[in-house]
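Reader: Could you walk me through this one, feature by feature? I would like to learn how to read each of them.

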Amino acid sequence: MLIRNVEVYGQIMDVRTKGKLISEIGPHLGGVADFNGKGGAILPGLHDHHIHLNATAAALNSVRCGPPNVEDEEQLIAALNADGEGWLRGVGYHHSVAGEIDREWLDANGPDRPVRIQHRSGRLWILNSRALNELAIKTPRNGRLYDSDHLMRRRGFPDLTSLIKKLKSWGITGVTEVTPSNGLAEFDNYLEQAGDLNLSIMGNSELTDLNHTRRGHLKLHYHDHDLPPLSNLVREISVAHHAGRPVAAHCVTRAELMMTLAAIEEAGPMSGDRIEHAAIADQAAIEWMQRLGVIVVTQPNFITERLDAYRQDVPGKDHPNLWRLKSFADAGLRLAAGSDAPFGDPNPWAAMAAAVNRPAGFEHEAISPEEALALYTKPVNDAGGKPRRVAVGEPADLIVLDNSWEEAKANLLAVRASKL
Ligand SMILES: [Zn+2]
């Protein structure tokens with residue numbers, strides 16, 4: 001593949017790929033161009049190192065069907081017919097919007113997709129004909145099903161098509177799926193739906209003996225209120241390590257982090273062990289993490305997205321310890337980033353913007369745009385590794401931005417990308 005007229009670290013070049021690698025970079029390479037970048041920056045494909053795909057897809061695919069977003073029939077019809085593919089899941093319907101709507105109403109006014117709308121009471125689902133057919137539901141004929149959540153589960157996993165399309169529009173070419181309950185069924189489903197998205201799939205102990213390149217870490221997900229005895233956690237980590245599987249531990253609070261580090265120390269750290277979030281980390285925690293060689297996977301977006309809550313709920317003395325970036329980097333900790341969608345915004349450029357322009361009172365942890373970008377270009381299976389580069393011999397996992405890197409840096413929030 002020949003990619004013409006792209007910006008490679010400040011210079012306009014052509015880039016040739018052969019198979020899975022970059023084979024040549026230079027001005028005016030011979031051959032017919034497959035893609036003209038029009039001067040846009042070429043970068044390694046971005047990787048979201050912490051995302052929950054099914055939950056994000058379900059949230060993304062849910063259309064709000066009631067007040068305050070939707071107040072009348074006309075607004076409901078507009079909401080249902082917005083762009084989208086696969087199943088449409090509506091939530092929050094109330095009869096003040098358009099009365100007791102049913103199958104017939106949905107067939108006449110909704111899109112030509114399987115549609116199911118949940119009444120805001122949570123008890124009633126209203127389905128169109130395509131949805132009833134797909135779920136093999138014969139009665140009631142009017143498509144109004146009370147207390148039928150078990151029938152909805154026949155639908156299986158959410159359709160990931162629109163989510164993956166959205167991720168790609170930001171230049172994301174790979175993700176690490178981190179849902180703790182992922183077992184073999186989820187594993188197969190992600191692989192089936194992901195297409196050419198690079199995947200690492202974390203999950204529960206069901207995956208530990210799976211011999212597959214996509215198998216990710218054992219996800220440990222304990223909270224302050226249900227922390228297990230230290231010895232149990234040590235055993236869980238040891239079993240995974242003995243099977244050659246590193247662990248990734250959810251650590252939002254100080255207690256969760258201390259407990260996890262103690263357990264990893266006792267079990268003996270394994271290369272690749274990860275701390276997810278590390279939302280609160282003081283100097284002692286930073287030094288401990290560094291000593292154990294764990295990788296930190298942070299969410300730069302939260303300091304902006306949840307600012308009001310932090311200002312209200314986190315004591316002032318802990319503000320310097322909140323969602324650190326620069327201190328982690330300065331301490332030599334190996335660092336990568338992910339969105340934690342659907343809890344965070346899945347747009348990596350919004351997160352990079354938040355890492356560079358931290359809110360007042362939190363600026364001391366800001367990093368440069370290049371450092372922020374590097375958090376999203378670590379290899380798929382090694383969040384602690386060296387960022388991928390656009391260079392001969394590197395993977396041909398590439399994206400081209402709509403504009404130059406200088407322009408992109410000036411307005412990170414607006415960046416859009418094409419996958420090559
Ligand atoms: Zn998460």
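**Strands, domains and cores**

Author: Gladly, and let us begin with a pair of residues: Val63 has Gly90 of strand 8 opposite it. Keep in mind that this is a predicted model.

Reader: Which strands does that pairing belong to, and in what sense do they run?

Author: Strand 7 (residues 62-64) and strand 8 (residues 88-93) run parallel and are joined by three bridges. Between them the chain passes through helix 2 (residues 73-80), making a right-handed β-α-β crossover.

Reader: What is the bridge partner of Gly90 in strand 9?

Author: That is Ile117. Strand 9 (residues 115-119) pairs with strand 8 over four bridges, again in the parallel sense.

Reader: How is the chain divided into domains?

Author: The domain assignment gives domain 1 (1-45 + 389-420), domain 2 (62-155) and domain 3 (161-387). Between domain 1 and domain 3, the C-alpha centres are 28 Å apart.

Reader: How many residues of domain 1 and domain 3 are in contact?

Author: Domain 1 brings 13 residues and domain 3 brings 14. On the domain 1 side, strand 5 (42-44) and strand 20 (417-419) each supply at least two residues. By type, that side of domain 1 has seven nonpolar residues, one polar and five charged.

Reader: And how should I read a nonpolar core?

Author: The general idea is that in soluble globular proteins, nonpolar side chains tend to be buried together. Here, the largest nonpolar core has 89 residues, and those with the most contacts inside it are Val15, Ile42, Ile275, Val296 and Met352. Helix 15 (residues 348-356) gives the most to this core, seven residues.

Reader: Why does this core lie between domain 1 and domain 3?

Author: Because domain 1 (1-45 + 389-420) and domain 3 (161-387) both give residues to it. For a closer look, take Ile42: leaving aside neighbours within four places in sequence, its contacts include Ile3, Val6, Val15, Val390 and Leu398. Apart from this core lies another, of 18 residues, with Val63, Val70, Ile117 and Leu132 among them.

Reader: How far apart are the C-alpha atoms of Arg324 and Arg113?

Author: They are separated by 44 Å, with the two residues 211 apart along the chain.

Definitions and conventions. Residues numbered from 1 in each chain as written. Predicted model: local features only at pLDDT ≥ 70, side-chain atom pairs only at ≥ 80, totals over all residues. Pairing = 2+ DSSP bridges. Right-handed = clockwise from strand over helix to strand, strands pointing away. Domains from an automatic or database assignment. Contact = placed C-beta atoms within 7 Å. Nonpolar A, V, L, I, M, F, W, Y, C, P; charged D, E, K, R; others polar. Core = buried A, V, L, I, M, F, W, Y, C linked by C-beta atoms within 7 Å. Buried ≥ 20, exposed ≤ 12 C-beta atoms within 10 Å, placed from the backbone.
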